[in-house]
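I set out to record, entry by entry, what I looked up in this structure.

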Amino acid sequence: MNGFAGVLQNMESKIALTLVRCALQGLILFACVFLGDRGFAANEVHVLLSNDAPYYHQVAKVFTAQLKAQQPATEVRSIIMSDGVALPEILGQQIIAIGSEATTEALANYPQSDILSLLMPMAAWQDINKNTSIEGRFAAVVIDQPFERAVLLGLLLKPDARRFGAVFGPATQTTKTASLERVSSLGVELITASLPPTDNPISTLSPIINASEVFIAVPDRAVFNRNIAKWILHLSYREKIPVIGFSASYTKAGALASIYSSPTDIGRHGAELFVELSAHASDNAGKSWRAYYPKYYTLSINGDVARILNINLPPREDLYGMYQKLLQAM
Amino acid sequence: MTDDLKRFYRAGWVIICLCVSSGVFANPGHISEFDLLSEIPTVNIASRMDQPVNLAPASVTIINRELIDASGAQNWGDLFRLVPGFQSYAVNDNRPGIAYHGFGDEFPNRMEVMIDGRSVYEPVFSTVLWGTLGIQLEDVDHIEIVRGSSAATHGSNAFLGAVNIVTREPTQDKGTTVKVTGGSRETLNSWVRINDSLGPLNYRLSLGSRHNDGFPSIPEGELDDGRELYQIAFRGTITPSLHDVLDLNFGYANDRVGLGDADHPDEFIDADYYSSYQSVEWHHSLLAGGEFSVHGYHNKLRASNSADRGLLSDILGVDDPALVALFLGVPDQPVVGGLGSLTSERFDLEFEHQFSMADQLRTVWGLGGRSEYAQNRFLQGRDDKIWEESFRWFMHNEWRPSAEWMLNVGLMAEKTFVGTLLSPRLSLSRLFSPHHTVRMSISRGTRAPSITEANLDQKLELSGIVFNAFVRSDERLEEEEVTSFELGWAGYFPQWHLGADLNVFREQARHAMDDYQEDLAVPTPIGDDQIKVRSNTGEWESVGAELQVTYRPVTKGLIRAHYAYIDLDSDFVRQFAPEIQFDNFDQSRPRHSGGLLLNYQWTSQWAAGLTVYHQGEVNWRDGNFIDEYTRLDSHITFKFVLGRHVGKLQLVAQNMTDDYSEFNEENIFGSRYFASFSLDLP
């Protein structure tokens, strides 16, 4: 008897569960149909990836893990953009766009949503804000580390250096003035030049590098970065001038050190910013919705180059500690 | 100009125009994260694409400037002992034989060697003449080496391997540097490098000379294998815009060196080699990504050597010259030995285009044409220039479907005088982490005979009558083939600063070019009644493993070790008639070889290094049986500053242990000592 009663009880609970599930689904359907343009519930986030590249996945993974740790109830859904596949008509009120392409698509397809863009460069943010009319709220954690951080790293590794060189490419012209202003408080002299693609790179770089004690490689378009890297590294190496790069790859190629944002750095900062923006969702819109340089950073160093330049490098952990102190003191 | 050549040039122009226009009109769009995340190029030879070494589709060794300095190497032969699987030996003291998986041939012929992408494989000798390269070790920035068949990337001559010697670019150094080296065997080497600019042209001009007396004398006679070498090399770079680089190279070398082997010291003859080259390469990077390049070059080699062997009557030991006419039917006359006069020239033009169809897919393809001739009566039995034209098309794709997997597919198609040759390669890599990769690859390489190999007709001719025949080419001579399987692991342990590369391989060669003996239809009055015939009568299989390890326990220290184990199973036809006889050359490659290099920079001024090299016993095909040996080299370096000048003094001791033989028993390599002094004048 007990067994039969148990089976009945089980059946009852299953029926009850099914009813509850149906009711919830109905409620969600209702919400979708009638509250569509008001967005989904606050605890649902859509992550839009520019494509299937590993670094987009890495940002999404870290963002999701970090967000879940802070807001366990939040549901994160990921969509990977691919050629020829149309995006859903409605995606929700809160969209995390990872990469420039995802950001552009999100702005075009969901103009009224709140969009947090991760990983696109500052120059792209400025371009978009200049050329696109944005109805919803729009914030970003950009990939590029601010120029002054590279200068600080140069100062840490070569404390007596006072003349820093840099060459700006066509895409970073717009950020040049702001970059120089931010560095002015560091008490260093900046020797800079602009390099349009039609100019001779060696003729432009030579006098800048010859007059510098540290050279900062400023990221631009990939083709610019690739083409100029060789000349920067050759000319600085022969003058025994250390180069501060912007990627692990730059360090490997011959820069003394680099400061850059890893996908983990961006994902982590992105999640923290998202929580902060959500917490102040009812505040005066637009105040906190802006572009942020990444709070976190990664440093890479090239021991071989340091040895050749006779620069004593502190151990990695100490380097982070010393650099963080400098950053805070700034 | 043949129709094929005309069609080739026409097609080339159309493609270049299309590529330039596609780049000009491409819309670069906004800057994106891709721009910051994209790789800064690294060197690579394996697939013509910039790839990290651990992602290359073949086993690669890089010898960089630091390693060259740390090794204390005095010549090319010393340097290639640092590479696992290489055989490096002195045919005579100034003529190295350098081969990957070679057999101790006097003229190793199955490895392509390039300088800045320009092939220096000589069609007339079917090998590389290391003395005529026109550059010295000091001009080298790094050397990229593909260990294993690279025919899929570099064509026919890269049958068992490829080497690209990358010289220092004009922008890498400044001012003037002078270097003088003196030491054992009357060695006196000098070298000057001038780096400067002239308007938009940055250039490097280097001049060098080398002199030594070669191996010591032996009881049978003086080994006249000394050297007198003079060379000049120019490299210029013009960068008219950020997207364009024009690279100019030209040079000249005059090398006077002994030709012959120590088994026959009396037959040594001085040979004069004159080589020159001109090379122009244009790189254009496209706004939409990718780049193309056009590379054209011209190589020329002239050589002459001859020795008066005396009158025919003296050689035959006949007192009365009239008897010569009576028995041989020709008047008594002086007999001249040696190569005589020799010329070869090569014109080569290649177009290459790299692009990316998707983030995960990169492609490089291109086409090239080559026209070359060789002219030498001694080797080819005729006076005229023998011209050959060949055309090539190649494509390589690198597909990375996920972070863990990478697929490389490559193909080289060559239209040669023996037909259209196809050399494909497939390589699959599994990335277990950013630092550990396992690679599996299979490739098939084909090699067309060189001009001389296909036209051998070496004989002794007096007054138009053939008196002895030495070697000829089989009129049915075809391409040889090799199929390679390789399983490799490339790992790096950042916590220990230790990198390692291990590969196991199996190489099967079929229809390999080899010589068999054939009875002459009409016996010659002097010499053997047999002739060697170069034909596709050989085959071999190599199975083995190679390891290279680089360890930096501290930033100022370097430990590098390498080891190769190779088991060789071979056979070739010794003769077809009267009954077929086979032979093998299983012992012609050392089963074990390896080395260890230690280098430490004690202070910013003092550095010291030790290199140990071991080679197992071997019976070189064109040389002798050589017992196993271990050689110990060391160096100590002192850097100093004199005002604005930086100087370097280096003392090198080679073979600090027992004497050993190189290639021939008589090539005794004793202890050698060198001192070099260099000064930078900014």
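**Entry 1. Ground rules.** I noted that this is a predicted model, in which local features need pLDDT of at least 70, side-chain atom pairs count only at pLDDT 80 or more, and totals for chains, interfaces and linings use all residues. Residues are numbered from 1 along each chain as its sequence is written, while chains are lettered from A and ligands numbered from 1 in the order in which they are written.

**Entry 2. Chain A in outline.** I looked up the secondary structure of chain A and found 12 helices and 12 strands. Helices (H or I, at least four residues) and strands (E, at least two) are DSSP runs numbered from the N terminus. Of the 330 residues of chain A, 41% count as buried. A residue is buried if 20 or more other C-beta atoms lie within 10 Å of its own, exposed if 12 or fewer, and partly exposed in between, with C-beta atoms placed from the backbone. I then turned to contacts, where two residues qualify if their C-beta atoms, placed from the backbone, lie within 7 Å. Among the contacts in chain A with a separation of 6 or more, 71% join residues 24 or more positions apart.

**Entry 3. Domains of chain A.** The domain assignment gives domain 1 (38–142 + 265–292) and domain 2 (147–260 + 297–329) of chain A; such bounds come from an automatic or database domain assignment. The C-alpha centres of the two domains lie 31 Å apart. Their contact takes 4 residues from domain 1 and 6 residues from domain 2. On the side of domain 1, H4(A) gives the most, with 3 residues.

**Entry 4. The sheet of chain A.** I traced an open sheet of 6 strands in chain A, with the order E2-E1-E3-E4-E5-E11 and parallel pairing. Strands E2 (75–80) and E11 (291–292) of chain A stand at the edges with a single partner strand each, so one side of each is left without a neighbour in the sheet. Two strands pair if DSSP finds at least two bridges between them. Strand E3 (residues 94–98) of chain A is joined to strand E4 (residues 114–118) of chain A by 5 bridges, and A:Ala97 stands opposite A:Ser117 in E4(A).

**Entry 5. Helices of chain A.** Which strands does helix H2 of chain A lie across? Helix H2 (residues 54–70) of chain A lies across E1 (44–49), E2, E3 and E4 of chain A, at about 165° to E1(A). Helix H3 (residues 100–109) of chain A lies across E1, E3 and E4 of chain A, at about 150° to E3(A). For these angles, axes are lines fitted to C-alpha atoms, for helices over the stretch in contact, and angles run from 0 to 180 degrees between N-to-C directions. In helix H4 (residues 122–131) of chain A, the buried residues are A:Met122, A:Ala123, A:Ala124, A:Trp125 and A:Ile128. Their cover includes H3, strand E5 (138–141), helix H6 (173–183) and E11 of chain A.

**Entry 6. Where the chains meet.** The contact takes 34 residues from chain B and 47 residues from chain A. On the side of chain B, helix H2 (33–37) and strand E13 (227–241) of chain B are the elements that give two or more residues. H2(B) gives the most, with 5 residues.

Entry 7. Strand E20 (residues 405–416) of chain B runs antiparallel to strand E21 (residues 419–433) of chain B, with 12 bridges between them. B:Met412 has B:Ser423 in E21(B) as its bridge partner. E21(B) also pairs in the antiparallel sense with strand E22 (residues 436–447) of chain B, over 8 bridges. The bridge partner of B:Arg425 in E22(B) is B:Ser443. E20(B) and E21(B) form a hairpin with 2 residues between them, and E21(B) and E22(B) form a hairpin with 2 residues between them.
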